Amino acid sequence: MGMGDSDDVAAGPAPDAKPDLNLIMDIPVTMQVVLGSAVMPVANLVKLGRGAVVKLDTSIGDPVDLIVNGRIVARGEVVVLETEESRFGITLTEIVSPGSRPARAKSLNA
């Protein structure tokens, strides 16, 4: 055995091995569409009741954030579903690249 024999042992999977995504396809994730946010003092929060209107930081026509497990993955426009008039949907207009910071993240710390 020479010193080069230890190079034959791989530290991980082969570089050309592709992960089997079918193993994770049935894992449930939580998807949310965030229309907007609002910041208010607790004194105003406790005064809220039925019929109260909370002004959001999003205007009509602004894109809404699609969040999966707490991360923004896309943005889109709210639409009324033609087949179900009492339901809303979202048309995706932008996919957020993994690792990129969103241009307009809605934050409650603003």
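Which residue takes a positive phi in the hairpin of strand 2 and strand 3? It is asparagine 69, with a phi near 50°, in a hairpin that has 2 residues between the strands. Helices (H or I, at least four residues) and strands (E, at least two) are DSSP runs, numbered from the N terminus.

This is a predicted model, in which local features need pLDDT of at least 70, side-chain atom pairs count only at pLDDT 80 or more, and totals for chains, interfaces and linings use all residues. Residues are numbered from 1 along each chain as its sequence is written, and side-chain values use heavy atoms, with hydrogens and water left out. The average pLDDT (the predictor's confidence in each residue, from 0 to 100) is 81 for the protein chain, and 75% of the residues score at least 70. Residues 105-110 have a pLDDT below 50; beyond near neighbours in sequence, this stretch has 16 contacts in the model, a contact being heavy atoms within 4.5 Å.

Strand 2 (residues 64-68) is joined to strand 3 (residues 71-80) by 5 bridges, and valine 64 stands opposite glycine 76. On the way to strand 4 (residues 88-95), strand 3 makes 7 bridges. Here glycine 76 stands opposite leucine 92, and valine 79 opposite glycine 89.

Arginine 75 lies in strand 3 and aspartate 65 in strand 2, so the pair ties together parts that are 10 residues apart in sequence. The count of salt bridges comes to 3.

On the surface, a nonpolar patch has about 1100 Å² of accessible area together; its residues include Val33, Met40, Val54, Val78 and Phe88. Helix 1 (42-45) and strand 3 are the elements that give two or more residues to this patch. Valine 54 is found in the loop between helix 1 and strand 2. Patches are made of residues with over 30% relative accessible area and no salt bridge, with like charges joined within 9 Å and nonpolar side chains (Val, Leu, Ile, Met, Phe, Trp, Tyr) within 5 Å. Accessible areas come from the Shrake-Rupley method with a 1.4 Å probe; for residues, only the protein chains shown count as cover.

Methods. Pairing = 2+ DSSP bridges. Salt bridge = Lys/Arg side-chain N within 4 Å of Asp/Glu carboxyl O.
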